[in-house]
Amino acid sequence: MSSQYVDSILLEANRLKSIEYISGNTSETKSSFTNKFAPVHIDAGDNISLFSGYVSAVGAGGEVIEVTGKDLNEEVSLYETEVEKVGIINPSDVNYTSLYLPYNASQVNFNLKEKKFKLKDNNIPLEFRFYKNTNGELHIHLPRKFDKQQGEGENDTTYNENWTNNDSSAMGKCVIPADYKRCSNDWMEIKFKDTTLKTNIKRTSKNERYTIMVAKNVVYSYDSASFTEDWFDSEVNFGKWWRYIDPALHPTLKYDYYQKIINLEVDVGFDSPSNIAESLTNQLKKSKNPEAILGQVGSGNEIKQYDISTKLESELYRTFRSATPISFDSANYTQFFSASAKEFDDDNIFSASEKAVQYISNYNFIGMKRPEIYVNGRIISEFNNTDSISLFKEILRNSGDTLIVTDFNYTLSNTRKLRDFFSSQKLYPELFEYPFNDKVNINNSRYIHFNASNNTDTDGDVYVDRIGNDNYTGTTDKSSIPVFIDFDSESEFVYNPPTEKLEVSFGCCVPYYTGTNYQVAFETKKNGGLRTELFSSSKVGPSSVLVIPEDWMIGYDLHFNAYGNDSILLYNGYLNRYIDSQGNFYLDDWNGQAQPINEYATEIYCGTRDPLINFDSTTSRYGISRLHTSEQVGNFYMSGSGQLPVADDASDEVYKMNKRLNQFSYTPDMIPYDTKQEEGGFSFFKANLNLDRTRIYDSHSGVYINKIGISETNWNKSLMGILGFSYNQFFKQENSIKYYEKNIEYNNISSNLLRLNNINLNGLTTPTTNNNVTSEDSIDYCVNVFNSVIYSPQMPLPQIYAGYSGQGPDPSLFPTIVQKSDSTFIKADNLPLKQDSPYYIIRTSVLGKATMDSNRNLYPVIATIDKTTPSNDYFSNVTSSEFTFTQPMTITEIRTDITRPDGSFAFCDDRSSVIYKVQKNVSTDFNIGEEILQQEQKK
C-alpha cells in the first residue's frame, strides 16, 4: 500500500548573493536580482509560494517619508538670467586703473535663457526673482540727475551739506511732474526743515518691494576696443538715442526680470522630515567661495593694490551693480548729457568718455514697483518699435469727441498686447485712486499715457515719436499725462472680431473703421472725456480751435516719472565722510596721502540671507519662511564712540515704526538728515521726514518664488505634494481668471506690494515673506521720549521735550518702536505623505515569462509585502497565494523583481531577500515487509 506526502523546499533569493551584486553591477536597480540554485525538478501539480520576504529600506520603522525618484513624465521650462562677458579684464593687473567691475569685464550682456528640467517626485524646479525694499537705505528714486551737490574736494563743513541740505535741483533733483500727472500713492509732500515751510515733493519710501530688473547690455568702463558694434550702431541705436538721451530710453537698457533657478532635490529613499527640510534649506542658501575686492591707491609708478573687501554670495543672496557717489556724481551727469557725449565724428563713430560711460552704467540694475506694467507696456510702446501707437486722426477741443483713434491695426495679435498691458494694471488698485477725476475706479477704467507738450529739444527737433520726458535737463515739466479710458469688465478676456457692431475686445479695444480697415480706438465718455491740459501745448486747428494733432504719440511712456512708473536705482550709500565728518572711507597710499575708496563698492546685496524650509514637529507640517532679509536692531554711526553705547541686541531681527536711520548709509531720498540732538543731556535722532511715520519697516530685500515648475496634474505626485503643500496655496482658483484661448492664470491680488501675514500668504502667485506683525505686539508700542517701553495699553502718541529748541514745522518726536519678530511662513495645507503606496509587489520569473505592461516587461505576481508595519529598516509582512505548476520543469535560477503597484521598480537597499517555498507531492510505501509477505502468499 502506497501513500503520499508533501516535500517542502525553500529557495533563498538574496540580493547579496545575486548575480548582479557579485558581478559588481551597480547600475542596475537594487530591486531586481537573479539567483542561481542547484537544479530543482518540478512535476505537474507541485506548488510554489513566497514563504517570507524582507524588503530592506534604511529608515523604515521610524517617522520617515518615502521619496521614490519616480519620473512624472513632465518636462518644465524655466528662465534664468545669464551673463555674457565681453572685453574680459584682469583686475589684479597693476596697470589696470579702472574701477572695480562686478563681472571682471568691461561690457556685459544679460539675457533670460530657457532651461528645461525633467520632473520627478524628488525634485522641485523653482524660479526666483529678487526685490529691494524702499526702507530708506541703499536706493535712489528715479529719475534723478545725481546724488549730491558737494564734491569730494570740499572741506568737511561744506561736504556735510550733502547730508543736511534740503533736496533741490542743485542736489540732483529733477523737475517734478504736475500733480495731475502723478499717482498720489507714489508721492508725498514734506516741509523744508527751515522757517520758510516750503513744500518739497518727493517719492515715497514706504518699505514697499521693488522688483529687481536688469538691463540688456551694460558697458562698465570706456575702452574703444571693448564696445561691440551694436552698442554704437548709429542707425539702429544712437541714430535715435542721441536725441533720446534719457537713460529710460537708452536702447541697450531694455529692462527685463533678473531671475535665478534652483532645482531642489532630495535623495531617493526613506528619510526623516527634519532631515529633508535641512537638505532643502541648505540648497537654497548654498554659499559661493569668498571673492576678494581689489582697491588701488597712488598714481603712475606708485600704484599699489589692496584687498579692501570681500564678497560672499549665496544662491539667493547676491550682489547687484549699484551706483556710487563717484559714478553718480554731477561731473558724470554733466558729461553724459553734454553735447560731446552724444555726437558722431566724420566716420560715424560715437564719441564718448569714461565719465559718460560710468554714468549710464549706474542703470545696470533698477527696482520697479510695478514691473508687470513696464514689461507689458514696453511691448506696445517701444520708442523704436514700428508698432508704436500714435493718433490716427486729430481730436478737437470742445468738440464733444471722446473717442481716441489710434494707428494701431485692430488685429488679434495687437489687441492681445493691449490686453496684457491693461490686465497688469488690475494688480495695482491704487492706480485708480485718482483725485482729479471722481469717475475713475478700477472697475470702469484703465489708463494710457499721452504727450502733454511738443517736447522740443535745444536743437529745435520736435519729439513726435516718443512719449514724455524725465526732465533730466531744463527747468520745465515735459512729462506725460495719464488718460483714463473706458473699461468693460464683461469683455476683459474676450476678443470680438471687428464688425459694424463695434463690439469691445479685451475690455478697452474699440474697432474703428477708416473706410479701408479697422484701427484700435479707446472711448473716454464714461470717464468724462479728455483733460484740457492735453490741448494746452498742441497746435491750433481750424477757427483757432486747439487740437491734439494726428501722429501725436500715445500708449505707454517708458520714462521713470510717468504715471504708475515708480523705480529706484541701487546705491552703495558710502559718502566718503559720515554725517558730521565723524569718519572717512579712505585708504593711505603709503606716501602719507589718503585716497577715497568708496568707488570700489560698486555692488550691494539683495535677496535673502537665511531662507528656511522647516518641519514643525508640533503641527507635523512643513513651512517656507525667511524669504526676506529682515531689519535688525543695528547701531548708529557713532555707536561705541562714547556718545552712544553699542546695542546688546543689535543683531536681533525686528520691525521698526518711526524708524531712525543709522546716519552711516546715505541716500538723497532721505535728505535732509537730522544731526544728533542734545536735550537735557540726552542724545537722540528724530524720525526722518522722508519715511512714513507709523509705517512698518521690516525688510531690506528678499526674493519671490516666481514660478514652481509643477503642473496641477502632477502636483500631488510631486515633492511639493509629498511635503503637504497644496496647489491652491500657490495658484488659488478663486483669485484667478483664465485668459481667452490661453490657459494663463492671472492673479488679481497685488502680491508685489501686499503686506503679508500667515493667512494671506496662501494663494499668492509670487509668494515671499516679511516679518510677522500681530496684535500681541501693540503693548510694546507705548514708548516715552527716551525710547523706554511703558508696557501700557494706551495708543502711542508723538511727544516733545520740554523746551525743545528744534527748527522747522515738525518739532514733535515720534518715539521709535523696535519690535522683535519672526518671519511669516507658508505652512503646508496638508500633512506630509509618508509613503507613496501601502505595499510592495513581488514578481518572479518562476511563474512564467514577462509580459508587456505600462511600456515595460513585468513578470507575474507571486506575493505582496505590506508597508504599513515596518520594523528595523525592513518591510516583511508577506501575503502570498500558492501557485500550482501545470507542467514539469527544472528550476536553476529565479529572477525576482520588487515593484510598486504601478509596476515601476521599488527603491530598496542591497539587503533585500525573499524565500520561495516549493511543495512537491511525493508518493512512497512505509510498510515494505508486509507487502513482501502478501506477494508470497499469492504464489
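Guide: Let's begin with Arg609, which counts as partly exposed because its relative accessibility is 36% (buried means under 20% relative accessible area, exposed over 50%, partly exposed in between, with a 1.4 Å probe and protein chains only). This is a predicted model, where local features need pLDDT of at least 70 and side-chain atom pairs pLDDT 80 or more, while totals for chains, interfaces and linings use all residues. Residues are numbered from 1 along each chain as its sequence is written, and side-chain values use heavy atoms, leaving out hydrogens and water.

Arg609 forms a salt bridge with Glu653, their closest N and O atoms being 3.6 Å apart (the rule is a side-chain nitrogen of Lys or Arg within 4 Å of a carboxyl oxygen of Asp or Glu). Arg609 sits in the loop between strands E31 and E32, and Glu653 in strand E35, 44 residues away (strands are DSSP runs of at least two residues, helices of at least four, numbered from the N terminus).

The count comes to 42 salt bridges. One of them joins Asp477 and Lys181 at 3.1 Å, N to O. Both residues lie in loops, so this pair ties together parts 296 residues apart in sequence. Asp477 is partly exposed at 25%, whereas Lys181 is buried at 4%.

Arg370 and Glu430 also meet in a salt bridge, at 3.1 Å. They too lie in loops, so the pair ties together parts 60 residues apart.
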